[in-house]
Amino acid sequence: MKKLITAIFTLCFITSVQATEVAVLDFRAAILQSNIGQEAAKEPKQKVAAMDARLKSEQESLEADANNLKRDELTLSEEEFKKRRAELAEKQNKIRNMAANMQRQAKELEQQLIQSLTPKGEAALKALIEERKLDLVLNRQLSLYASGASDITDELVERINKDN
């Protein structure tokens, strides 16, 4: 009787345990690393590079103005010195605002790029999920640990490249 109860209990336990196929993915990285992502990112990268060059030019100009003010500090009248120092502070604020604006624009360009490529990435991901019969796909950044075999980011990049 004990063997029968043990056998029934074991059978119930075995049937209730199902294998769950879990994978992790960095969707953003997969989109940006794909061929279409690389191609689509060329123009935004050029815009960001142009903004960065302008910012560096302004910073160099500010640094030159600061050095000139430091050099001329003893020869300038107090009134002229205060005026130039105020101009320098104003220029610093302008550059800080320019840098913050540049970062915001770069982030917006990246968001627009990702939004435009998301439908293609999602289609490729759905096909990969069906092919591998995955039950759960988690964002790689949210997982504490995942083995290399469970990371499907590279497979998604390949799938996106193959589909386009």
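Helix α6, which spans residues 153-163, has five buried residues in this predicted model: Thr153, Leu156, Val157, Arg159 and Ile160. Viewed down the helix axis, these residues fall within an arc of 165°, so they line one face of α6. An α-helix has 3.6 residues a turn, so residues three or four places apart point the same way. The face of α6 turned away from the buried side carries Asp154, Glu158 and Lys162, which are exposed. The cover over the buried residues of α6 includes the strand β1 (22-25) and the helices α2 (27-33), α3 (35-40) and α5 (78-132).

Threonine 153 belongs to helix α6. With a relative accessibility of 3%, threonine 153 counts as buried, because the cut-off for that class is under 20%. Leaving out residues up to four places away in sequence, threonine 153 touches Val24, Leu25, Asp26, Ala30 and Arg140.

The helix can now be placed in the whole chain. There are six helices and two strands, and along the sequence they follow the pattern α-β-α-α-α-α-β-α. Of the 164 residues in the chain, 24% are buried. Among contacts between residues at least 6 apart in sequence, 83% join residues at least 24 apart. The chain exposes about 12200 Å², and carbon and sulfur atoms supply 54% of that area.

The largest nonpolar core has 11 residues in all: Ala23, Leu25, Ala30, Ala124, Leu125, Leu128, Leu134, Ile152, Leu156, Val157 and Ile160. Three elements, β1, α5 and α6, each give two or more residues to this core. A second, separate core has eight residues, among them Leu62, Leu69, Leu88 and Met102.

Val22, Leu136 and Leu138 make a nonpolar surface patch of about 220 Å². Leucine 136 is in strand β2, residues 136-139. Its relative accessible area is 39%, and leucine 136 is therefore partly exposed, a class that lies between the 20% and 50% limits. Val22, one of the patch residues, is also one of the contacts of serine 150.

Serine 150 is located in the loop between β2 and α6. Serine 150 is buried, with a relative accessible area of 14%. Apart from its neighbours within four places in sequence, serine 150 is in contact with Val22, Ala23 and Val24. Val24 is also among the residues touched by threonine 153.

The remaining topic is charge pairing. The structure holds 13 salt bridges. One of them joins the side chains of glutamate 131 and arginine 159, with an N to O distance of 2.2 Å. Glutamate 131 lies in helix α5 and arginine 159 in helix α6, so this pair ties together parts that are 28 residues apart in sequence. Arginine 159 has a relative accessibility of 11% and counts as buried.

Asp26, Arg140 and Asp151 are linked in a network of salt bridges. Two members of this network, Asp26 and Arg140, are also among the residues that threonine 153 touches.

Two further salt bridges join residues nearby in numbering. Arginine 71 and aspartate 72 meet through their side chains at 3.1 Å, N to O. Arginine 71 is exposed, with a relative accessible area of 57%, whereas aspartate 72 is buried, at 17%. Lysine 42 and glutamate 39 also meet in a salt bridge, at 3.3 Å, N to O. Lysine 42 is partly exposed, with a relative accessibility of 47%.

Key: Residues numbered from 1 in each chain as written. Predicted model: local features only at pLDDT ≥ 70, side-chain atom pairs only at ≥ 80, totals over all residues. Heavy atoms only, no water. Buried < 20%, exposed > 50% of the residue type's maximum accessible area, 1.4 Å probe, protein only. Helix = DSSP H or I, 4+ residues; strand = E, 2+ residues; numbered from the N terminus. Arc of directions from axis to C-beta. Contact = heavy atoms within 4.5 Å. Patch = residues over 30% accessible without salt bridge, like charges linked within 9 Å, V, L, I, M, F, W, Y side chains within 5 Å. Areas by Shrake-Rupley, 256 points an atom, 1.4 Å probe, with all protein chains shown as cover. Salt bridge = Lys/Arg side-chain N within 4 Å of Asp/Glu carboxyl O. Core = buried A, V, L, I, M, F, W, Y, C linked by side-chain atoms within 4.5 Å.
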